[in-house]
Structure formats: structure tokens, C-alpha cells
Amino acid sequence: MSSAVDTLIAREPSALKPIVRLIFVRLLWSVPTLVFITFLTFLIGELAPGDAATALAGEKASPEAVARLRHSLGLDQPLLVRYGRFVVNACHLDFGQSWFPPYRPVGEIVSEGMGFSQMGLLALAAVFCCAAVWVFVRFLNALKDFRAVFWFGALAVVVVFAWQIAQIAISMPQGRTGPLAIYAILLASAMGVFFGFIAGIWHGKWPDRFATTFSTLGVCIPTFVLAPVLVLIFALKLQVLPDTWVENPKEGVFWYLVLPVLILAMRPAAVITRLTRASMMDVLSQDFIRTASAKGVPFWKVMTKHAFRNSLVTVVTAIGTSFGFLLTGSFILETFFRIPGLGLKSIDAIYQGDFPVIQATVLLFAVLFILVNLLVDLILPLLDPRIRGSAA
Amino acid sequence: MKRDWLFTIGIGFLIALVVMAIIGPMRYDVTKEVGAKFLPPSGAHWLGTDHLGRDVFARLCFGARMSLAIGVSVQVFTIAFGLLIGTAAGYGPKWSGNLLMRFTDAMFAFPDILLAILIMGILRSTHLTWMDSLPKVVSASLPVFGALAVVGWPSMARLIRNQVLSLKEQDFILASRALGAPHSHVVFKHILPHLWGVVLAVAMVGMALVILAEGSLSFLGIGIPPPWPSWGSMINDARSYMASYPWLLVWPCLALSLCVLALNFVGDGLRDRFDPRHAARTDP
């Protein structure tokens, strides 16, 4: 008994330890997952017709030439040997090169399609925005003091940096999976949290009906219905938005982004609305809400500080999961608009039978999915101290 | 119960869809030209004709037939396989449950549609002799069934495993075991009967997901092969003409969305009936 309490007390001061443990355990568990997924893809590639030799030699090559090429590429070795070589190369981030002209390195194709550079810049801009908010709060706190001047200067610097980085990110080509997913998740979170919040507050009244209808429709109407219908309405009938994607438009990138981002955001927004609403209702039915209202805390303060903050765990989980799906599942939208992201590239690769690209895409998607889920699990203990103990 | 009328509407729509799927395509051959191109709606062609002069209403009904057939058959497979694996993993030794959880975790990290497309790529190029004895349309849609069945079953197995785990801990199971009932009796007489409600409700929503996935595949041009119509491929065909003939686009979109909505309503309604606690939590 006492030893259990001792360990609890001993563990309490460092909140870092369980988090490190969590990261370690999860990354360790992701290894078999990744091995399983890549091996499955490898087997599928094995069963599919054609291999690197037939693709590289071209259609007119003689069977002998194909066989020679196959031998020189090492494709006549046993399956497990070739898989092992793939794993070793993948650990060095070498995914080979595309089987079709212009024979580009696969790593380059994949990272370009994902838009890693834009994603990095956007993430950096987000960090600076958070810093700006923090500095602004310090500035407000220090207003009566001469130190306010210092905080104001810091605020200016941070804002300028954030603005410049965002500018660079926006001036880069936008038609990539990563940036689109980021814009879509921002829009979806704003919509979903707002609708879910008002639906939870005015539960059973018209805001709730509206939010419920929205979330039901958003889940039921798929991308390949929404995309053509919205293009039909806004581009062809009303003619207020462009109907196709243009890779590097001279001006008005924003208008080209509106429809794709809106369509991408619809389903996550619906999911986030539904979960936020359910979570708000769950929290609002608890005793401490009634206590807070009874002791005279103003209505909005109860709703935001007591109810909403406690429903955040579910909300953040929903946002994280949706982001994972957005990063790994924009095939239909990219194919519809011919946006040159990783979704379109992998679909084209599947049609062509360009196997290294498929293999690398699957691996990258799986890694992203695992990392996003891990990130969510790292954020949750920050929101709810009760989760901290049982983190790993 | 506020949801009751939605449930009724959903059931009504699904029955109408089944009737349409059975008798709708009888009037015209859905794969052949039956009139001029782009005819407006008329008594002969209720929804007009498409870019190859085929009757849109008959094709729409045939699309319903394909979607429902694939949805039902994939769900039947998913439930059967999910029950087998899920019950074994939930009721059996702990390692089997862990194995299933790790396996489904891995499957979740694999994007569904990508896996389905990859499997389609293999299945479409394999040809087995026994498939020749089947009607052409069935053998043409078998790869779609295979791909969606492979993608769909892990989440059902996981759900059933979790249900079995929570059922296993309840007192009446313990009582039954204490009275000397063998495991087979517990599983077949106590656990499986308790699963039906939840499984049926989830299967309805799962069927909606299968129909959506089939639509996505057909939209990408790798689902049901032409000339057989599917809602997804009809939407894809209509895209090229949507500026001048928007109705060709609107009908399949409407049919697919309404079908998925109806399935969701029915699924929610079933869950409210079988799981009253959930209904009390969410019903206003």
C-alpha cells in the first residue's frame, strides 16, 4: 500500500517521464506495423503483372534482354532478399527511382507531392503565431509598466517574422497534399468547433438542428458528389469561382483554393461538429456545471471556461484523426481537380504500374498517420491532467 | 422518439430503392443505345438519355442494383468473418485479442481507398476458369467485392471483439459458467444473441461506407467496368457534359447521397432500438 503511494509521489514531480515512455513505446510498436504494411504492399506488387525489368526495357525489348536486365537489377533473387534490400534502402531514405520516364528519384516525387517544404514553413508560421499571442498577453499584462515597450518591440518582431514566413509559404505552389490538408483542417476545425459548440449550448433548439443536419449531410455526401455539384453551381452557373485548377496562377491563388479546400474540409467539419456536440452535451450534464451556474458564474463563462475547456479532449482527438485522414486520403479530390499532390501522383502511379512510387507513398502515408496519432496522444495530457498518469 | 420518423423514411426509401433496382432496368438494355443522345425527359425515357443514347432511368436503377448487391454481399462477408475472428479474439486467450488489435491498428494506418485500388489492380488481371460460368456482370463486379471485403472486415472484427470483451465480464456469463455450461454454450447461447443488435446497426452504416467506396472506385474508373453502369461511373461520365446537361450529373449524385443518408438513418434508428442507453444520451 505505502509503496504504491511512494511510487506515485516519486512519479508526480516529473511530468516528462511518462511522455518520453509514451513516445518510446509507440514508436517501438510502429515498427511491426510499418513492416506489415510495407510487406503487404510488396506482396501486392509481386502479384501484379509486370516488374521493373519489363517496364524499364520497354515494350519492344526481346525476352532475353528483359531477362538480362532482370538479372542485373537483382530481380531474380528470392522475395525476402529483395524485401530486405528495400527495407535497408528505405532506412537510408532511398526509395529507388521511378520506372517510367523521366525516371526521377522516388523520394523527390513523393516529397514534392506532399509539399513538405510548404508544410514546414506553415508549421513555422503557426509557431510564430502562437508566440505572437503569448507575447501579446505579456504585453497587455505589462501595460502599466515601462517594460511594455520591450514587449511591444518583441511583438512587432514576432509578427513581422510570422508574416514573412507565411508570405513565403503562400508564394510557393499550393497544389500539394500537405498545404491543402492544413488549410482544410483549419477551416474544418473552425466550422466544426463553432457548430458543435452552439449545438451543445442550445441543445434541441434550431442551432442544434442546423448543426445536426450539417454533420449528417457532411458525413453522407462523398467528395465525388460534392465536387462536381459545387463546381456546377459556383463555377459553371454562378461563374464566381474558377472551375479548374491552375498550377501557378498569376494572381488570385486564393480563389483557386476556395473550392478544393471547402470540399476537403466538409467531411472533417461534419465529424468534428458531431463529436464536439456530443462532448459538450456530455460535459454540460455533469454536476460541476450546475454548481458553477448555481453559484452565479455568468452563462458565457460557464460555457467557455467550464464546459468547452472540458470537452477539448474529444475535440482535439477528432481534429487530429481528421487531419490524419486528410493527409492520407485526398485521392478523389486531387484526381477531380487534377491537383498535382501525392494523391493524384499515387493514383497515376497505380494506373501506370510505377511500383516504387506506390511503395513509398504507402510507407509515407502510414508514417504520417502514426505520427499524427502520436502527436494527438502527446497533446491530450496537456489538456487533461487525468490522462497524464495513464499515458503509456 | 424524434428519430422514429427518420427511421421510417429511411426504411421506406430503401424499400423503394430495392423495388426500383429489381424492376427498373427491365424496360431497356442498360448497356446499349436505345434512342438519340441527350434526349430530355419524356414518357418513353423518364429521365432522358445520356451521351451514348442510353436510358438514364434504367441505368440509375441498374446502379442501385449494383450498389445494393455489393453493399449487402460485402456486409454479409464482413459480418460472417468479423464474427468468427472477433469472437475468437474476444473470447479466446489474451494473445489472440492482442494480435487482432495490432493487425487492425496496422490496417487503419493503410489508407482504405489506396488498399482497395491496389487489390483491384491484382484481381482485375487474374482470371479464374470458374468465373466463366457466372453471368458476365457478376464476374465483372467480383473484383470490387473482393477488394472492399478485404478492406472492410478488420474494423468489424475489432468492434465485435470489444463487444465480446465487455459482455464476457458480465454477471450472467459468470453465472452460466458457474452452473457448468461449456464455452460453446456460452458463446452460442449468450454472447452471439447479444451481439446481433449492435452488429446489425453497424452493418447498416458499414453498408453506406461500402457503397461510398464502390462509388469512389467507379468514379476513378476502376470499379464496375463499362458498359455496366454504377452511380460512381455515371457521375464520372456526366462530368464532361455537366455545363450543358447538368441533369445527367444531378440524378446519380442524388440517388447515391439519398441512399447513403437512408442507410445512416436506419443504422441510427436500429442502434437507438438496441442500445437504449445510447439513445438516452443523444436524443434531445
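Where in chain A is the place of Arg338(A)? Arg338(A) sits in the loop between helix 15 and helix 16 of chain A, where helices (H or I, at least four residues) and strands (E, at least two) are DSSP runs numbered from the N terminus. This is a predicted model, in which local features need pLDDT of at least 70 and side-chain atom pairs count only at pLDDT 80 or more, while totals for chains, interfaces and linings use all residues. Residues are numbered from 1 along each chain as its sequence is written, chains are lettered from A and ligands numbered from 1 in the order in which they are written, and side-chain values use heavy atoms, with hydrogens and water left out.

**Chain A overall**

- Chain A contains 18 helices and zero strands.
- The C-alpha trace of chain A spans about 85 × 70 × 50 Å along its principal axes.
- Of the 392 residues in chain A, 43% are buried; buried means under 20% relative accessible area, exposed over 50%, and partly exposed in between (1.4 Å probe, protein chains only).
- Among the contacts in chain A with a separation of 6 or more, 72% involve residues 24 or more positions apart; contact means heavy atoms within 4.5 Å.
- Chain A has an accessible surface of about 21000 Å², and 69% of this belongs to carbon and sulfur atoms. Accessible areas come from the Shrake-Rupley method with a 1.4 Å probe, and for residues only the protein chains shown count as cover.

**Interface of chain A and chain B**

- The size of an interface is often given as the accessible area lost when the parts come together.
- Chain A and chain B bury about 3600 Å² between them, with 83% of it on carbon and sulfur atoms. Buried area is the accessible area (1.4 Å probe) that two parts lose on being put together, summed over both.
- On the side of chain A, Ile44(A), Cys220(A) and Phe224(A) lose the most area to chain B, together 17% of what that side buries.
- The contact draws on 45 residues from chain A and 42 residues from chain B.
- One residue pair is in polar contact between chain A and chain B (both at pLDDT 80 or more). A polar contact is a pair of N or O atoms within 3.5 Å; within protein, one must be able to donate a hydrogen and the other to accept it, and residues adjacent in sequence count only if both atoms are side-chain atoms.
- Several helices of chain A each supply at least two residues of the side that touches chain B, among them helix 2 (16-47), helix 12 (253-284) and helix 17 (355-383).
- That side of chain A divides into 33 nonpolar, eight polar and four charged residues. Ala, Val, Leu, Ile, Met, Phe, Trp, Tyr, Cys and Pro count as nonpolar, Asp, Glu, Lys and Arg as charged, and the others, Gly among them, as polar.

**Salt bridges within the chains**

- The whole structure holds 14 salt bridges over all chains.
- Arg82(A) and Glu46(A) meet through their side chains in a salt bridge (3.3 Å, N to O). Because Arg82(A) lies in helix 5 of chain A and Glu46(A) in helix 2 of chain A, the pair ties together parts that are 36 residues apart in sequence.
- Arg82(A) is buried at 13% relative accessible area, whereas Glu46(A) is partly exposed at 38% relative accessibility.
- In the salt bridge of Arg104(A) with Glu112(A), the closest N and O atoms are 3.2 Å apart. Arg104(A) is partly exposed at 24% relative accessibility, and Glu112(A) is partly exposed with a relative accessible area of 32%.
- Arg104(A), Glu108(A), Glu112(A) and Lys345(A) are joined into one network by salt bridges that share partners.
- In chain B, Asp50(B) forms a salt bridge with Arg54(B), with the closest N and O atoms 3.3 Å apart; Asp50(B) and Arg54(B) are both buried.

**Backbone features in loops**

- Arg338(A), a residue other than glycine, has a positive phi near 55° and is partly exposed at 49% relative accessibility.
- Tyr103(A) is not a glycine, yet has a positive phi of about 50°. Tyr103(A) lies in the loop between helix 5 (79-91) and helix 6 (106-114) of chain A.
- Pro226(B) and Pro227(B) are joined by a cis peptide bond with omega about 10°, and Pro227(B) is in the loop between helix 7 (183-219) and helix 8 (231-239) of chain B.

Conventions
Salt bridge = Lys/Arg side-chain N within 4 Å of Asp/Glu carboxyl O.
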